Structures are given as C-alpha cells and as structure tokens.
Amino acid sequence: MGKGGPGPSPDFVQLLSPEGVRVEHPEYAVEFTDEEYRGLYRDLVTVRKLDAEATALQRQGELGIWASLLGQEAAQVGSGRALRPQDMAFPTYREHGVLYCRGIDPIMPLGLFRGVDQGGWDSQAYKFHMYTIVIGAQTLHATGYAMGITMDGKVGTDDGEAVIAYFGDGATSQGDVNEAFVWSSVFNAPVVFFCQNNQYAISEPLERQTRVPLYQRANGFGFPGVRVDGNDVLATYAVTRKAMDQARHGQGPTLIEAYTYRMGAHTTSDDPSRYRIASEVEAWQARDPILRVRALLVREQLADDEFFADVDETAAKQAVELRERVLSMPDPAPLTIFDNVYPEGSPHLDEQREQYAAYLASFEGSH
Amino acid sequence: MSETVTLGKALNLGLRRALEADDKVIIMGEDVGKLGGVFRITDGLQKDFGEERVIDTPLAESGIIGTAVGLAIRGYRPVCEIQFDGFVYPAYDQIVSQVAKMHYRSGGKVRIPIVIRIPFGGGIGAVEHHSESPEAYFAHTPGLKVVACASPDDAYWMIQQAITSDDPVIFFEPKRRYWEKGQINRDEASGALHASRVLRSGGDVTLVTYGPMVRTCLDAATAAEEDGRSLEVVDLRSISPLDLGPVYESVRRTGRCVVVHEAPSTISVSAEVAARVTEHCFYSLESPVLRVTGFDTPYPASRVEEEYLPDLDRVLDAVDRTFGF
C-alpha cells in the first residue's frame with residue numbers, strides 16, 4: 001500500500017471524498033442538520049488555527065515544546081464530536097482537537113507545554129483525562145476505567161457510558177496497548193481504541209511497527225477493527241459514534257484505525273526533512289480534511305462567503321485570546337514543587353520544604 | 001478480641017475486613033480468585049465477595065497496575081497482588097510513571113488510592129525471581145509510600161490502613177514469615193501506618209530493620225543477652241517515608257547502630273538510614289553505622305541462599321565489630 005493511502009473499499013470507511021463528494025457506505029451514514037455541518041467546519045478551522053498559534057508561541061520561546069495536530073483535525077473533531085456527554089476520553093499529548101470538542105478551555109493543556117504545570121486538571125470533572133506522554137500507558141487506564149463502568153452497572157442502555165482511548169501507530173507496538181486489548185476483550189469492557197495512524201512514530205514509518213494493517217490486529221484479540229479515512233470528519237464521526245454506542249450497550253470494545261497523516265513535525269523539536277520526502281507530504285495535502293468539508297458546504301449550498309469569513313475571523317480572535325492568556329501564565333512559586341506529592345502528605349517532605357524555604361530566605365535582603 | 005493466627009491468615013482477615021468496610025475496595029491479580037492466591041492470602045474472598053470484587057486478571061503485571069489506575073480514576077480502591085517480587089518489573093513503568101505521579105501532575109485533583117501487595121524476600125528455597133527484595137526501587141520514587149509488615153498484628157492492621165490511605169502504597173509482605181504465628185488484636189490498631197516501633201529495649205547497640213529480618217534481629221537480641229549485651233530492636237515498618245525519630249533517640253543512648261535487611265547494600269534502605277543517623281546523631285556515635293545485608297549479587301540459587309541471607313550470626317558479628325572502633 002502506497003503512502004497515498006487506501007482507496008474506497010468496504011474495509012476503508014469514507015463518507016466524503018477528498019474532493020468533497022459524498023460517498024455511500026453500506027454500514028455507515030451521518031444525519032446532520034445544516035447547522036451541524038457548518039459546526040464541524042468551524043471546529044476543524046478553529047482547532048487548526050489554535051494549533052498554529054501554539055506552534056508560533058513555541059517558535060517565539062513562549063512554549064517549551066508543542067505537538068501539532070496539523071493534518072489530523074478530522075480524526076479528532078469527528079471522534080470528539082461523536083462522544084456523548086457521559087463518555088470519558090483518555091488522550092495522548094496531541095489530542096488538542098478532541099479536548100476542544102469536549103468543550104474544554106484550550107488553555108488547559110498549555111501549562112504543560114509552557115512548563116508551568118504538568119497537566120493539572122480533574123479528569124473525572126472534565127470527562128477528559130490529563131495528557132499522557134508515556135506511549136500507550138493511557139490505553140490501560142481507559143480499559144480499567146471502562147471496567148469500572150461495567151462494575152457500576154452503567155452499560156446496557158442508551159444513556160450508558162463508554163470510554164475512548166487515543167493513541168498512535170507507534171503505540172501499537174507497546175506492551176501496554178496489547179495488554180489493554182487483552183483486558184478489554186476478556187472483560188468485554190466498554191472502550192473504543194481510537195488509533196490515529198499518522199504514518200510516523202517520530203521518524204519511523206508504519207512499516208517499522210507492523211506487517212498487517214493495524215485495524216486487523218483487533219481480530220486476534222476477539223473484537224472488531226475498522227479502518228476509516230482519518231481525514232474525513234463525517235466518516236470518523238460515524239464510525240466512532242457507532243463503536244461508542246455499541247460499547248455503551250454492552251457489546252464490548254472496537255479498534256478504530258483512523259488513517260491519516262501527520263502534516264507537521266512530531267513536535268517542534270523534530271525535523272521531518274531528515275526522514276521523509278516533500279512529494280509525500282504534497283500527496284497528502286490533496287487529502288486535506290478541511291478543504292473537502294468546505295467543498296461540500298459550497299456544493300450543497302450549506303454556507304456562504306459570509307459564513308466562511310466569520311469562521312476565519314472568529315478563530316483568529318480565539319487564537320489571539322489564547323496567546324494573551326499563555327503570555328500571562330505566571331511561573332509557579334518555588335516552594336510549590338513540594339505540593340501534592342502525596343494526598344496525605346509526608347513528614348520527610350515537609351522537612352525538605354522547610355529547609356529549602358529557610359535556604360531561600362537566607363538570600364532575602366542580599367543583592 | 002485477641003487471637004493467634006499466622007501472618008498470612010492475618011492478611012487474609014485484614015483484606016476481608018477492608019472489603020466489608022468499603023464496597024469500592026476491589027482485589028485484583030493473578031490467581032487471587034478461585035485459587036486464593038499462590039500463598040492463599042486471598043483465600044475464600046472471591047467466594048464471599050464475588051468475581052467483580054476479587055478479580056482474576058490476565059497474566060500481565062503492567063495490565064494489572066494500568067487498569068487499576070483507571071479503576072482508581074473511576075473511584076475504586078484497587079488492591080493489586082503481584083504474585084512474586086521478581087515479577088513486579090513489567091509493571092514498573094505504570095507504578096513509577098503513572099501511579100506515583102498522577103496526584104502531583106494533576107495539582108492534587110486526581111487521587112490514585114492503590115495498594116500493591118508484593119510478597120518479598122528469600123528463605124523459602126524458591127527458584128530465581130521468587131526471592132528478591134526490590135523495596136529500594138520504590139522507596140526511591142517520590143509519590144509512593146512503601147511499607148513492610150513483620151508480624152501478624154501489623155499485617156492485619158497495616159493492610160487495612162494502606163487500603164484506607166489515599167496515597168498509593170507498595171505493601172511488602174515477608175513471604176518466609178507467612179506461616180509464623182502471633183497474636184492479633186482485632187479491636188484496636190497498635191500504631192499508625194508510617195510509624196516505626198521499638199520492639200525490644202536495650203542499651204548497648206541499636207538494631208534497625210524491617211520485614212523478614214525483624215524476627216532475625218529479635219533472635220539476635222535474645223542470643224546477645226546471653227553474652228551480656230543488650231540490643232535495642234527497631235522495626236521501621238515504613239520504608240517511605242522513614243520514621244527515624246525513634247532510631248535517633250535510641251542511637252543517642254546506645255552510640256552504636258547496625259542496619260539489617262535482605263536487599264543488597266549498595267544504594268539501599270540501609271544506606272539511607274546510615275546517612276541520616278550519621279547526620280542526626282554524629283556526636284553520639286561511638287562507631288560508624290554498620291550494615292548487614294544481602295550481597296551485591298543477583299539473588300543466588302536456593303541451595304546457597306542461607307549464605308546470602310543475613311542471619312543471627314552475621315548480625316551478632318556486626319554488633320561485635322561496632323565495639324572495635
């Protein structure tokens with residue numbers, strides 16, 4: 001299979017072609033209002049704009065590092081919007097678009113990248129766990145959380161709960177991800193594994209992780225696997241929605257492979273020119289997740305120029321706001337490094353804190 | 001209510017009481033259900049509390065701890081059994097990078113009240129990977145609390161205290177002492193989870209130890225008494241945080257300190273104790289702090305494990321040497 005990706009087939013769910021033409025699929029369909037179509041477009045543009053702003057902030061030294069979602073907007077917006085309010089998400093460190101679609105303030109993860117905190121939010125309150133940097137570790141957390149849903153009796157109904165676990169193609173080689181597949185399978189846990197196959201684990205291409213298409217791995221674990229066009233927001237929505245609803249109704253896990261492409265670098269510290277050629281990136285530009293939705297909106301007269309201008313203008317305004325808020329994030333006070341190591345505290349740590357406080361105080365008044 | 005039970009049975013009774021007290025408490029691990037665990041510590045619990053609360057897991061340690069993290073986020077209080085000390089390492093990443101750091105990373109908003117039970121130490125004639133003492137790895141990790149029980153009464157109470165604690169606790173059980181009997185008082189805990197305890201008073205040398213070596217040190221103190229030497233024995237009970245107040249108080253009286261454990265000596269719990277005792281009791285010491293430990297080798301084949309394990313004679317030899325300075 002070439003880097004241009006698989007073509008339309010029963011094993012590759014696509015509802016909107018790169019040209020913005022609707023594609024019929026025997027199993028999957030979407031029913032959106034005009035307003036909802038426009039909303040998806042607005043989400044896609046907004047998360048790309050906020051992402052670009054974060055990249056710029058890193059280039060200007062305001063963030064230590066940034067992991068861009070460029071190219072993966074449809075996978076994130078489609079899956080993120082497919083979740084119901086009671087659902088729980090376990091992200092990697094790149095799910096800014098999912099976070100946005102969950103209605104969470106986009107400033108929240110920026111503390112991590114600026115270096116003023118390490119996450120810092122209540123996973124349960126937001127139904128969105130903190131970013132996880134150790135590759136694949138969160139898939140086990142998602143599975144355990146899903147087992148808890150079953151134990152709480154919250155599966156089997158329309159308002160049942162389900163969990164979505166995000167990870168990338170590289171993570172599929174991790175033991176934790178494979179253990180999560182085993183656990184979720186034998187416990188029939190209400191969890192959906194959403195793999196954004198963006199073709200690269202930093203520099204290593206997909207071929208270094210697998211000899212079989214990733215979605216087929218699910219067969220060996222005993223649950224369904226689906227490959228979806230990760231650059232098609234309609235398809236990622238439909239596939240995720242169905243898998244999550246199956247999970248909440250007690251039908252167990254699904255592996256979704258969202259076939260996409262990381263248009264940018266792994267992070268702002270990476271240089272993709274060392275390991276991939278420009279023509280490959282250009283080929284994927286033709287499959288852009290935003291342009292195809294815009295083409296659809298135009299073709300079906302769901303939006304006019306005024307709408308498109310407003311989307312751009314509003315996103316730009318949000319980006320400016322985000323920038324201002326990042327710049328005003330205060331550095332934490334020195335002694336806060338001792339906070340929250342233990343819920344119940346530690347006398348030894350209290351002693352270290354006192355000693356360091358005294359040390360710092362010894363400089364007061366000196367120049 | 002006072003009764004005499006083995007240390008293993010005391011743990012079983014403590015786990016049972018924890019399951020009764022809070023329906024969010026669940027037990028998970030390999031063979032903990034029908035079999036009751038390879039050491040029978042969870043014997044009968046699945047029968048009485050059901051398969052959803054006493055869970056036989058797939059055979060993967062990282063999976064046990066990783067799913068326990070998710071269950072904890074959901075509001076459960078998982079008690080995980082690692083079958084043997086030498087099998088904890090596949091879970092090391094989940095313990096060190098996830099369990100230990102989650103509360104810190106979240107700014108105090110996410111708690112992971114997990115207990116990880118690990119039978120540890122040698123002396124049972126086992127094959128390799130079944131006799132290790134990995135406590136220093138965990139005690140070196142901020143965010144984890146680490147304890148070791150040594151007697152049935154402590155086993156009964158400390159496991160319950162660890163489960164009700166909101167901190168993640170690595171709970172070491174001295175497997176060679178599982179079958180040793182002692183009295184438990186089911187009405188009242190004899191101390192806090194992270195408090196050390198003077199088990200025997202003496203004026204000549206302070207022995208500091210924990211876990212399976214507590215019995216060895218008490219026996220050494222009895223033998224020393226016949227030679228006219230009076231040894232004080234302190235059971236640390238908590239390895240992280242260390243409660244060294246009673247140790248300092250003791251060493252200031254005795255002027256001599258010997259630290260005993262099964263784990264290798266280099267960068268070990270005894271190294272930490274020696275450093276802190278030296279710092280806090282410098283002017284009281286009549287001799288350097290000495291250590292009696294396993295050697296800096298992998299745990300040896302079982303037919304020679306008695307050479308590796310500290311015993312009464314090696315402890316008394318070190319006690320003698322503290323008088324040679």
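This is a predicted model: local features need pLDDT of at least 70, side-chain atom pairs count only at pLDDT 80 or more; totals for chains, interfaces and linings use all residues.
### The chains as a whole

The secondary structure of chain B comes to 12 helices and 14 strands. The radius of gyration of chain B is 19 Å, close to the 20 Å that the globule rule gives for 325 residues, and chain B is therefore as compact as a globular protein of that length. For chain A, the secondary structure comes to 13 helices and seven strands. Here the radius of gyration is 22 Å, close to the 21 Å given by the globule rule for 367 residues, so chain A too is as compact as a globular protein of its length. The table sets out further values for each chain.

| Property | Value |
|---|---|
| Chain B, buried residues | 56% of 325 residues |
| Chain A, buried residues | 46% of 367 residues |
| Chain B, share of contacts between residues at least 6 apart that join residues at least 24 apart | 79% |
| Chain A, share of contacts between residues at least 6 apart that join residues at least 24 apart | 76% |

### The contact between the chains

The contact takes 35 residues from chain B and 36 residues from chain A. On the side of chain B that touches chain A, α3 (61–74), α4 (92–99) and α5 (102–105) of chain B each supply at least two residues, and α3(B) gives the most, with 10 residues. By class, this side of chain B has 12 nonpolar, 14 polar and nine charged residues.

### Helix α10 of chain B

Helix α10 of chain B runs over residues 269–280, and at 1.5 Å a residue its 12 residues should span 16 Å, which agrees with the 16 Å between its end C-alpha atoms. Within α10(B), the residues B:V269, B:S270, B:V273, B:A274 and B:V277 are buried. Seen down the axis of α10(B), the buried residues fall within an arc of 130°, so they line one face of the helix. An α-helix has 3.6 residues a turn, so residues three or four places apart point the same way. On the other side of α10(B), B:A275 and B:E279 are exposed. The elements of chain B against which the buried residues of α10(B) pack are α6 (135–139), β10 (205–209), β12 (238–240), α9 (245–254), β13 (257–264) and β14 (290–294).

### Loop residues

Several individual loop positions can be described in more detail. B:S230 is found in the loop between α8 (213–226) and β11 (231–235) of chain B, and because it has 14 C-beta neighbours inside 10 Å, B:S230 counts as partly exposed. Leaving aside neighbours within four places in sequence, B:S230 is in contact with B:G202, B:G203, B:D204 and B:E225. The C-alpha atoms of B:S230 and B:L290, 60 residues apart along the chain, are separated by 17 Å.

B:R237, in the loop between β11 and β12 of chain B, has a positive phi of about 60° although it is not a glycine, and with 25 C-beta neighbours inside 10 Å B:R237 counts as buried. In the loop between β12 and α9 of chain B lies B:P241, which is joined to B:S240 by a cis peptide bond with omega of about -5°.

In chain A, A:N340 is found in the loop between α12 (305–327) and α13 (347–361). A:N340 is not a glycine, yet has a positive phi of about 65°, and with 19 C-beta neighbours inside 10 Å A:N340 counts as partly exposed.

Definitions and conventions: Residues are numbered from 1 along each chain as its sequence is written. Chains are lettered from A and ligands numbered from 1 in the order in which they are written. Helices (H or I, at least four residues) and strands (E, at least two) are DSSP runs, numbered from the N terminus. The expected span of a helix is 1.5 Å times one less than its number of residues. A residue is buried if 20 or more other C-beta atoms lie within 10 Å of its own, exposed if 12 or fewer, and partly exposed in between; C-beta atoms are placed from the backbone. The arc is that of the directions from the helix axis to the C-beta atoms. Two residues are in contact if their C-beta atoms, placed from the backbone, lie within 7 Å. Ala, Val, Leu, Ile, Met, Phe, Trp, Tyr, Cys and Pro count as nonpolar, Asp, Glu, Lys and Arg as charged, and the others, Gly among them, as polar. The radius of gyration is taken over C-alpha atoms; the globule rule is 2.2 Å times the number of residues to the power 0.38.
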